[in-house]
Amino acid sequence: MTSTELPRTMAAVQLDRHGGLDALTYRDDVPVPRPSGDEVLIEVHACGMNNTDVWVREGAYGSDTDPNAVSTWRRGRSTLTFPRIQGTDSVGVIVAVGEGVPAARIGERVIVDFSLYNRDDDSLADIDYIGHGRDGGYAEYQCVPAANAHAVDTTLTDAELATFCCAYLTGEHMLERANVQAGERVLVTGASGGVGSGIVQLCRARGAIPYAVTRADKAEALMAIGAEAVIDRGAADWVEAVEAATGGAPIDVVADLVAGPHFNDLLRILRPEGRYTTAGAIAGPVVELDLRTLYLKQLQINGSSQGRRSDFQRLLGHVLAGRIRPLLHATYRLSDFHHAQRDFMDKDYVGKLVVVPDRHWDRVGAPHVRD
């Protein structure tokens, strides 16, 4: 499809401001973007949902001096402008290319690396992401840098592929930052969510042993994807519950997505010289820390967000080799986006939710469909 054959307008969900769900508007008159130099235009077939969509919408990132300040991702260095089309986990087909991109790429089935690296090296010092610094995949079409569109040859469906990128890349980078090795025990909080369930599988892919913290009714699902044991997040004493689950064996790494009131307990659970890595704080970002626990146990704390190009290549290798599998809980029509995000925020599921443009709805197929 050439640029002259493209439709002039498309359906998309636009974020108009910080706020509640009413800040998101479904429109069918959004101009179809045209690819600039070194860009490709993708016809989006599916796009996964992530916590960052909600936190950016709510402006919930705070500031260095006020945790309750309305602020977006990157805080004082924000590149967010309104209206913005969010959505990081895009899968689709290249339908047009910009100058400098081979026309032969038209027709490629691709998965999008959502990270905007802004540097030629593998540094994360100035990273941004698609769906924040530029428009994302909650739309029928999106433009991305050609280097971010990776051709894929797999029997996985578009919706299944759209479960991986943001969540699993975040999880892989967390494990890489903590230098997780084969045979090490990793405690994963928030293990039923997109990132947490990804980490459980990614631990197994590198030979590590994951222990999952989640609701008791989700334990069976976590065991099915590789958790060695499941700790009920409602346990009165997390330290005691983890020790019972491991049979007294030490925890080498905590991969935390929850934080909140259990933060110091998680440091207590770690063995001396253990490592803590985090990329989320769904139970509360402001925590209480006894520094004596940190320095007397010689602990290491790593903050993590997104991932490097090398992390993405490793992740894609796991996907295409079948070492990790998609956990697609449900798909939703793009026009039913408010419903999708309400269900996403309720967290009453294991794995991922995916949004599909209405024009491609019939391609998705049962059983993972919500009407």
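Predicted model: local features only at pLDDT ≥ 70, side-chain atom pairs only at ≥ 80, totals over all residues.
Q: Is Leu124 buried, exposed or partly exposed?

A: Leu124 has a relative accessible area of 22% and is partly exposed, because buried here means under 20%.

Q: Which residues is Leu124 in contact with, leaving aside its neighbours within four places in sequence?

A: Setting those neighbours apart, Leu124 touches His173, Ser305, Gly307 and Arg308.

Q: What share of the residues count as buried, and what is the accessible surface like?

A: Of the 371 residues, 55% count as buried. The accessible surface comes to about 15400 Å², and carbon and sulfur atoms hold 48% of that area.

Q: How should I read the charged side chains?

A: Begin with the general idea: side chains of opposite charge can pair when their charged atoms come close. This protein carries 37 positive and 50 negative side chains, and the centres of the two sets lie 2 Å apart. A search of the whole structure turns up 24 salt bridges.

Q: What is the salt bridge of Arg27 like?

A: Arg27 pairs with Asp29, and their closest N and O atoms are 3.0 Å apart. Arg27 is partly exposed at 35% relative accessibility, and Asp29 is partly exposed too, at 39%.

Q: Which parts does the salt bridge of Glu172 and Arg206 tie together?

A: These two side chains meet at 2.7 Å, N to O. Glu172 belongs to helix H3 (residues 165–177), while Arg206 is in the loop between helix H4 (194–205) and strand S11 (209–214), so the pair ties together parts 34 residues apart in sequence. Glu172 is buried, with a relative accessible area of 1%.

Q: Which residue of helix H9 is linked with Glu172?

A: Arg314 forms a salt bridge with Glu172, with the closest N and O atoms 2.6 Å apart. This pair links distant parts of the chain, as Arg314 is in helix H9 (residues 309–321) and Glu172 in helix H3, 142 residues apart. Arg314 is partly exposed, with a relative accessible area of 27%. Both residues belong to a network of salt bridges that links Glu172, Glu176, Arg206, Asp311 and Arg314.

Q: How do I read the buried side of a helix, such as H10?

A: An α-helix has 3.6 residues a turn, so residues three or four places apart point the same way. In H10 the buried residues are Phe337, His339, Ala340, Gln341, Asp343 and Phe344. They pack against strand S1 (9–15), strand S2 (24–31), H1, strand S16 (328–333) and S17.

Q: What follows H10?

A: Lys347 follows H10. Its phi is positive, about 60°, although Lys347 is not a glycine. Lys347 is in the loop between helix H10 (337–346) and strand S17 (352–356), and at 28% relative accessibility Lys347 counts as partly exposed.

Q: What is phi of Gln298, and where is Gln298 found?

A: Gln298 has a positive phi near 55° and is a residue other than glycine. Look for Gln298 in the loop between helix H8 (291–296) and strand S15 (300–303), where Gln298 counts as exposed at 57% relative accessibility.

Q: Which residues does a cis peptide bond join?

A: For a peptide bond, the angle to read is omega. The cis bond joins Phe82 and Pro83, with omega about -5°. Pro83 has its place in the loop between helix H1 (51–58) and strand S4 (89–97).

Definitions and conventions
Residues numbered from 1 in each chain as written. Heavy atoms only, no water. Buried < 20%, exposed > 50% of the residue type's maximum accessible area, 1.4 Å probe, protein only. Areas by Shrake-Rupley, 256 points an atom, 1.4 Å probe, with all protein chains shown as cover. Lys, Arg positive; Asp, Glu negative; His and termini not counted. Charge placed at Lys NZ, Arg CZ, Asp CG, Glu CD. Salt bridge = Lys/Arg side-chain N within 4 Å of Asp/Glu carboxyl O. Helix = DSSP H or I, 4+ residues; strand = E, 2+ residues; numbered from the N terminus. Contact = heavy atoms within 4.5 Å.
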